[in-house]
Amino acid sequence: MDFTKLMSWSLKEFSSLPWRKERTLYGTLVSEIMLQQTTVSTVRGKFEEFLARFPTLKDLAAASEDEVCMAWKGLGYYRRARNLRKAAQSLIGSCNGKFPVTQEELVKLPGIGDYTASALIAIGMDKSELAIDANIERVMARYFGLGQTKGPKLHREIREMFLTGDIFPEEISARGFNEAIMDVGRVYCQAKKANCLNCPLAEGCIALLSGEPLAFPNTDQVLAKTPMHKVVLIRVISKEGNQILGVKRKRDEWLAGQVELPTYILESSDPSFKRYPLWKGPLPLELMRLGSTITKYKFENIIVESSVDLGKKWKLSPEEVNFSSVTLKILRQLKLV
Ligand code: SF4
């Protein structure tokens, strides 16, 4: 592998990312949790804002859950915001605000899983470690031509290669290497598209040599195992003056802590999907339809207007309400916020 070419490309193109400009362990914790399931361009717009709101681990630990979730708005998957706050609280409470330096100790902290611990060591501390996220898994599978099925076995195979020193030698910066491979996975070596012509790893890449770069890693079984389910939901707009009926999801519910429009299931191809009550009775006037996808569910949202007695209500102020992303999209499209 041409490490010089790979890492100088990554440095030249991406060293200006806000979380790379001035590396701290706290900044790495925030950015790594933000970047899980969210694109770089979305995180780019939120990272500095979040750090301005909570400049230190101590500030984050002292904030309420609602404050952290409000600052997280736009990034989705709010469980990550709650976990981040929990991690900050336990780092302040039981570690005197100091990050443990081993994987074993880091994963004992609430909110820090295997990946985040590896990322803190490799990227935050620049110590020999490989933080295997989806990008690194895919690029390694292609570069080394690993035919294993995407998933835990492939993850283990890559981990073993790393531990035996077959991926990068000790003298290479772990931070630089991890960041560069993540960049390749994001920019050139995507799940459904490989731009091998411009890729800094083209020389020596076995998947490219095979003529079928997208055949690595093997995803046949994964795709066969995870069928998408179609779910049709009714989302109800119930207005009274400038107020609208909203439901705050409980702590142990799906989308915990977020405010949703009252929602019902009209039909579902997955009988185990019971996150909302069933819609009974005829449909009121339909305002619009909106598609959305979350994990294995493809939702069709039918937005209806209904005159319901407003029991719980909130003022229409997106700054003060932690709307779910679908609700916010609906309210914006209907020009209600
Ligand atoms: S050469 Fe192609 S297949 Fe190989 S790592 Fe680069 S983009 Fe991926």
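The legends below describe an overall view and several close-up views of one predicted protein model. Residues carry numbers that start from 1 along each chain as its sequence is written. Because the model is predicted, local features need pLDDT of at least 70 and side-chain atom pairs count only at pLDDT 80 or more, while totals for chains, interfaces and linings use all residues.

**View 1. The protein as a whole.** The secondary structure comes to 15 helices and nine strands, where helices (H or I, at least four residues) and strands (E, at least two) are DSSP runs numbered from the N terminus. Along the principal axes, the C-alpha atoms fill a box of roughly 65 × 50 × 35 Å. Of the 337 residues, 33% count as buried; a residue is buried if 20 or more other C-beta atoms, placed from the backbone, lie within 10 Å of its own, exposed if 12 or fewer, and partly exposed in between.

**View 2. The shell around the ligand.** The ligand is surrounded by 16 residues, the closest being Cys189, Cys196, Cys199, Cys205 and Pro213, and a residue is near a molecule if its C-beta atom, placed from the backbone, lies within 6 Å of it. Helix H10 (134–143) and helix H13 (206–210) each supply at least two residues of this shell, and the largest share, three residues, comes from H10.

**View 3. Helix H3 against helix H9.** Helix H3 (residues 25–35) and helix H9 (residues 114–124) pack at an angle of about 135°, with their axes 10 Å apart; the axes are lines fitted to C-alpha atoms over the stretch in contact, and angles run from 0 to 180 degrees between N-to-C directions. The contact is made by Leu25, Thr28, Leu29, Glu32 and Ile33 of H3 and by Thr116, Ala119, Leu120, Ile123 and Gly124 of H9, two residues being in contact if their C-beta atoms, placed from the backbone, lie within 7 Å.

**View 4. Two residues with positive phi.** Gln37, in the loop between H3 and helix H4 (40–53), has phi near 70°, a positive value in a residue other than glycine. Gln37 counts as exposed because it has 11 C-beta neighbours inside 10 Å. Tyr77, in the loop between helix H6 (65–71) and helix H7 (79–95), has phi near 40°, again a positive value in a residue other than glycine. With 16 C-beta neighbours inside 10 Å, Tyr77 counts as partly exposed.

**View 5. A cis peptide bond.** The peptide bond from Phe216 to Pro217 is cis, with omega near -15°, and Pro217 lies in the loop between H13 and helix H14 (220–225).
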